[in-house]
Amino acid sequence: MIQHKLAGVGVALITPFTPDGYVDYQALARMIDYVIEGGVDYIVALGTTAETPTLYMPERAAITVFITDHIAQRVPLVLGVGGNSTSEVLDQLREFDLRGADAILSVTPYYNKPSQEGLYQHFRTVSEHSPLPIILYNIPGRSGVNMTAETTLRCARDFHNILGIKEASGKIDQIQQIIDNRPEGFLVLSGDDGMALDLMQRGGDGVISVAANCFPRKFMKCMNQAKENRFEEAAETFTELDEAIKALFEEGNPTGVKCALSVMGQIGDRMRLPLVAGSPQLREKFRELISKYDLR
């Protein structure tokens, strides 16, 4: 079952850019190899961390093909397909080459703040047109709307191809309600690295991680311990990651993750406006933390 493949750790892959602002495909290939060799369970492309709002539709289509080809079926692939216009999401489903993907990740429509019924009808329409299984993505801090547990569970029960949710509401009671009342096989994945252990201890299934871009080996050690219910050991391992994970978000995402990766020599520290590169203070912090905790 696809659910088994998508439990554990998915990495929310970045999009590297060249100094003149184009997609850096050589660096993207290195990143794919780096996280796969680091042990991640699957890759999530074209999500928030990929700076997808700044990518043109032809770029998104080209990145989809490139990532699919470079993964070469070594790990499963989830593609971000979302937006705040339902009809545009359907256009993406029609126009993107989804043949190499295992599922899509679809965010709650942002900015226009739909009602709970509007969210349900949006995902009903996406469900009816998607050729792939769907992971819902609830991130009210960015979208401006929180999809309640009741709406998530309604979608989970009514639409057979909606197989899970990436929950980044930060509302642990809401997440627990989904875990306790979900249909069999419905995945509950943390959208917050800092909450991943707590969520898994409560019965959740894993995390779609920003930190796994930078520190895949150490992060996978922690999450694998959690998957084996060795939570005390996992908590000890997490203490070596905690400061660095907090630093990843000090100046926003993906500013922090690109700053860390540039310090590690994996990519150049290039963003597309309106995002800007991390500060010199943040770079120095990552140099210290990476050395102190051996995070390479």
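I began with the lining of the largest pocket and sorted its residues by class, which gave 12 nonpolar, 13 polar and four charged residues. I note at the outset that the model I am reading is a predicted one.

Staying with the largest pocket, I looked up its volume, which comes to about 580 Å³. I then asked which residues lie nearest its centre. Among the 29 residues of the lining, these are Gly-47, Thr-48, Thr-52, Pro-53 and Tyr-110.

Next I looked at which helices and strands contribute to the lining of the largest pocket, and found that α3 (57–71), α4 (86–95), β4 (103–107) and α6 (140–143) each supply at least two residues. I wrote down separately that β4 gives the largest share, which amounts to three residues.

I turned to the second largest pocket, where the space is about 220 Å³. I counted 18 lining residues there, and those nearest the centre are Tyr-137, Gly-191, Val-210, Phe-249 and Asn-253. Sorted by class, this second lining holds eight nonpolar, six polar and four charged residues.

As a reminder to myself, strands of a sheet pair through backbone hydrogen bonds, either parallel or antiparallel.

My last entry concerns helix α12 (residues 255–263), for which I asked how many of its residues are buried. The helix is mostly covered, with nine of its nine residues buried, where buried means under 20% relative accessible area. The list runs through Thr-255, Gly-256, Val-257, Lys-258, Cys-259, Ala-260, Leu-261, Ser-262 and Val-263, and I marked Lys-258 in it as a charged residue that is buried.

I then checked what covers these buried residues of α12, and the covering elements include α2 (25–37), α11 (231–248) and α13 (280–292). Following the chain just past the end of α12, I came to Gly-265, which takes a positive phi of about 80°.

Technical notes:
Residues are numbered from 1 along each chain as its sequence is written. This is a predicted model: local features need pLDDT of at least 70, side-chain atom pairs count only at pLDDT 80 or more; totals for chains, interfaces and linings use all residues. Side-chain values use heavy atoms; hydrogens and water are left out. On a 1 Å grid over the protein atoms alone, a cavity is a set of points where a 1.4 Å probe fits but cannot get out, and a pocket is an open set with protein on both sides within 12 Å along at least five of seven lines; lining residues have an atom within 4 Å of a point. Grid points are joined across faces, edges and corners, and a volume is the space filled by probe spheres set on the points. Helices (H or I, at least four residues) and strands (E, at least two) are DSSP runs, numbered from the N terminus. Buried means under 20% relative accessible area, exposed over 50%, partly exposed in between (1.4 Å probe, protein chains only). Contact means heavy atoms within 4.5 Å.
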